[in-house]
Amino acid sequence: DNPFLRLLGVELADWQPGLAELQCELRPELLNRSGALQGGVVATLIDAACGYAGLHAAPGAPPRHAVTISLAVNYVSRVSAGRVRAVGRRYGGGRKVFFARGEVFDAEGGLIASGQTAHR
């Protein structure tokens with residue numbers, strides 16, 4: 001359970017080892033002054049999807065935790081309405097640090113942003 005993601009209305013749609021998918025329905029509070037999804041929300045979606053991708057815990061297992069030590073986001077296009085989907089995939093790391101890539105898509109599957117993270 002992540003209180004900040006809950007505040008944003010983010011739902012964990014799929015979670016398995018090395019992969020996480022988050023979804024969020026856009027609403028006025030998540031938009032910037034231009035009426036597009038706020039960049040900070042996009043960065044949060046990438047950060048969270050990547051973090052969850054590296055922290056999968058089987059049902060009944062104790063939750064795993066990490067902190068983000070690096071986050072880079074590339075904004076590609078904008079979205080103003082509908083549902084967005086963030087997909088994170090772990091791609092490497094060791095005992096203490098892992099790396100992941102993430103993407104945010106609009107309802108039609110168009111790329112909104114991509115990013116890379118490191119977590120400890």
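Which residues does Leu37 touch, not counting residues up to four places away in sequence? In this predicted model, local features need pLDDT of at least 70 and side-chain atom pairs count only at pLDDT 80 or more, while totals for chains, interfaces and linings use all residues. Residues are numbered from 1 along each chain as its sequence is written, and side-chain values use heavy atoms, with hydrogens and water left out.

Leu37 touches Leu26, Leu30, Leu31, Asn32, Val42, Val79 and Val84, contact meaning heavy atoms within 4.5 Å. Leu37 is also among the residues with the most contacts inside the largest nonpolar core, together with Val10, Val42, Leu45, Val84 and Val104. This core has 22 residues (buried Ala, Val, Leu, Ile, Met, Phe, Trp, Tyr and Cys joined through side-chain atoms within 4.5 Å; buried means under 20% relative accessible area, exposed over 50%, partly exposed in between, with a 1.4 Å probe and protein chains only). At least two core residues each come from α1 (3–8), β2 (19–25), α2 (39–53), β4 (83–93), β5 (98–105) and β6 (111–119); helices (H or I, at least four residues) and strands (E, at least two) are DSSP runs numbered from the N terminus. The largest share, 7 residues, is supplied by α2.

Of the 15 residues of α2, 11 are buried, so the helix is largely enclosed by the rest of the structure. The buried positions include Val42, Leu45, Ile46 and Cys50.

Trp15 in strand β1 (residues 10–16) and Tyr52 in helix α2, 37 residues apart, form a pair that links distant parts of the chain. Trp15 is partly exposed, with a relative accessible area of 30%.
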